[in-house]
Each structure stands twice: as structure tokens, then as C-alpha cells.
Amino acid sequence: MRLLDLQLRNFRNYEELNLSFEPGVNLIVGNNAQGKTNLLESISYLGSGKSFRALKQAEMVRFGADFADMEANVFAQGRQQQLRYVLFSGSRPRQIYRNGAKKKSAAELSGVLPTVLFCPEDLMVLKTGAAARRRLGDHALCDLRPNYDAALTEYNRILDQKSRILKDHFEYPHLLEVLPEYNTRLCQVGALLISYRARFYDSLGKAAAQYHDRFSGGAEEFRLQYKTVSTVSDPFAPVQQLTQDLLDHQASHHRAEIESGQCLTGPHKDDFTVTLSGIDLKAYGSQGQTRTAAISLKLAQRELMAREWGEEPVLLLDDVLSELDQGRQDFILNQITSGQVFITCCEPGRFTKLGKTIEIEKGKII
């Protein structure tokens, strides 16, 4: 797996950019707000069809431009391939191409350029609210399982429609007539999400435990536990059983949802917890323990993706090393002896021995 080159036009602060990369470490240096993270965002987007920063594609189009064009040549799956996205500043749908052929969705590019992103916010993800941990899991699962991506999109669509019914029924009582249909469909799709998540978190936790064991010298036992609605006693149960479990939970919250005008139950509230030797990391973990556990999770994610695709995914480290002490920096760097890596850094001379250095200033290569 290797990103050979990248061409950007009107993407974020890049009017035009043409770059080729090394198969090992590529160090992106420059002061803040020069475009380092924008470069990683473009690589991540080409691989997944999703931005880890923008909610709308128009946000990625350079100010004053009508469209942004991203193109890359990749060596993957035993051959060279070309990926291209064209994003528009208005409401026009994006255009997706693989090897010059137009595609209907990003799912048709799955596995060509898998990436794992690690940014400073991820270091404290185990201390923040559940939403950040759900995003971490969802992003990884969408890359690993295109069917999960489709199910998640469908779930969010139904959830939005149900939420509107609950919000508007005070003014329009007749809307409640169709609520049972939305409840049923939401539980059916939600059961799929739980099934995927249970298996993913089980594998992620086991892989992360191995990294954490090496990191801590065996001093702490890492354990990840997936949390979903209380009526689901076995998240590994058949989807039909999970659907019934969700329906039972929804029924127990029916009156509360009607009275509050809000959707109160479902896997959109899922979470996971991490304990170290039985101690809840979120409640009692030190900053050092939290960062070590987060690093272990990200390295585990990379390992799972390598198992799935048979190739090491591209690792994107966005200014994360500068947030770590020397010991944690060394641990990460010792784990990236293989595969292609992109590291952003504000200090030009700090990691220059790692590989190729690319210096950026105001969206241009120096």
C-alpha cells in the first residue's frame, strides 16, 4: 500500500499542488495554519470519501472557487490505481472516479487507499463524551465494512425522520400515526449496527491490549468493553434477537419519548469503556495512562485494517508527536517501521532523520 503522488486544485488553502511521496516516512513541516492538516485531510478523504473535519463538502473548496479537484496515484492490490474526487461549492453532488471511470459512491473505492488518522484530540478521546468515541469506532468500521457505512447512513436518516416526528407532534398530532413504522425500521437497522460494533470492538480491544502490554511492560491489564442499550444481554446474538431487544427497550421508553419530544433510546447512544487492571480509565486514569491507551487503540486499528486488506494502511499522524513525551514518541516510532507514514510537525529540525521532509508555507511547497 503506497500513495505515489497527489494533485490538489482549489482544495482548502491549496490553489494548486503537485507532490510525490516516499514509501516510508514523509514529514510535513511548517508553522501553524499553513496547510499541513489540510494535506492530511485530502489524503484521508481520497481513501475514505469522508472528511475528519468538514461537515459539508463546500467547506473543503477554496474560498472563491467553484470546485475542488483531488487526484492521486496509488499502488495497491498489486497494481497502480488512480483515485479522484471533484467537490463543488454549491449543492451539486461530488464526482468520484477510479482509474478514470466514474463511480456512484465512495464504497466502490473501498480498500484502495485505507488510512488511519491520529490527531491530538484522539489522545484524550477516552476522557471525553461518548460521541467522540462513537465517531472513532464508526470511522474505523466504515473503512473496514462498506455495508456498515450504508447501514449507519440509513440509521441516521431514519433517526432524523423520527426525531422530527417527535418534535413536531405537539403541533401536528397525526404524525404519531406513522411513528410505529419508524420505530420498527430503526430497530432493524440498529441491530445491524450493534452486530458489527460488537465484533469490531472485541477485535480492537484484544489487539489494543497487546500493544498496551508492551507499552506498559505488562504492568497494567487493558480491557475494552462495548456498551449498548440495557435490554441487549448479548451483542453477539443473531440480528433478529437484537432487533427484538431494541424493540423492547424502545417500548419501555415510548411514553417518555412522546412527552419529551426526543428520541431517547437506540445505538446512536452507544459507547465503550476502557479499564486498566479493573480501574475505569475515564474516571480515574491519569493523563499518561489515557494517552498510552489511546495510542494502543490507534495502533490496534491499523493492525485490524492491515489484516483486512492484506496491506499496511497509510498512517497519518497530525501533530501528535509534539503532544507526547519522549517515551511515548519512541514507542509510536518503533511501531511504524513498515508501511507509509505521514507526520505533520511545526518544528522543521525535530524529526528530519525519519524520512523525506516537505515544508509548507501558505499552501505552497518551499
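Analyst: Two strands are said to pair if DSSP finds at least two bridges between them, and strands (E, at least two residues) and helices (H or I, at least four) are DSSP runs numbered from the N terminus. The model is predicted: local features need pLDDT of at least 70 and side-chain atom pairs count only at pLDDT 80 or more, whereas totals for chains, interfaces and linings use all residues. Residues are numbered from 1 along each chain as its sequence is written, and side-chain values use heavy atoms, with hydrogens and water left out.

Strand β4 (residues 67-76) is joined to strand β5 (residues 79-88) by 10 bridges in the antiparallel sense. Across this pair, F67 faces F88 of β5. Two residues lie between the strands of this hairpin, in which Q77 has a positive phi near 55°. On β5 there is a further antiparallel pairing, with strand β6 (residues 95-98), over four bridges. Here R84 stands opposite Y97 in β6, and the hairpin of β5 and β6 has six residues between its strands.

A separate open sheet has three strands in the order β9-β10-β11, paired antiparallel. Strands β9 (222-227) and β11 (279-280) are at its edges with a single partner strand each, so one side of each has no neighbour in the sheet. Six bridges connect β9 with β10 (residues 271-276), and Y226 is placed opposite F272 in β10. Helix α4 packs on this sheet and touches β9 and β10, its direction making about 170° with that of β9. Contact means heavy atoms within 4.5 Å.

Helix α4 (residues 179-216) also packs with helix α3 (residues 146-168), at an angle of about 150° and with axes 9 Å apart. Axes are lines fitted to C-alpha atoms, for helices over the stretch in contact, and angles run from 0 to 180 degrees between N-to-C directions. The two helices are therefore roughly antiparallel, a term for angles over 145 degrees. Residues of α3 in this contact include Y148, L152, Y155 and L159, while those of α4 include Y182, L186, V189 and L193. The residues of the contact comprise 14 nonpolar, four polar and four charged; Ala, Val, Leu, Ile, Met, Phe, Trp, Tyr, Cys and Pro count as nonpolar, Asp, Glu, Lys and Arg as charged, and the others, Gly among them, as polar.

Overall, the protein chain has nine helices and 15 strands.

Notes:
Parallel < 35°, antiparallel > 145°, perpendicular 65-115°, else oblique.
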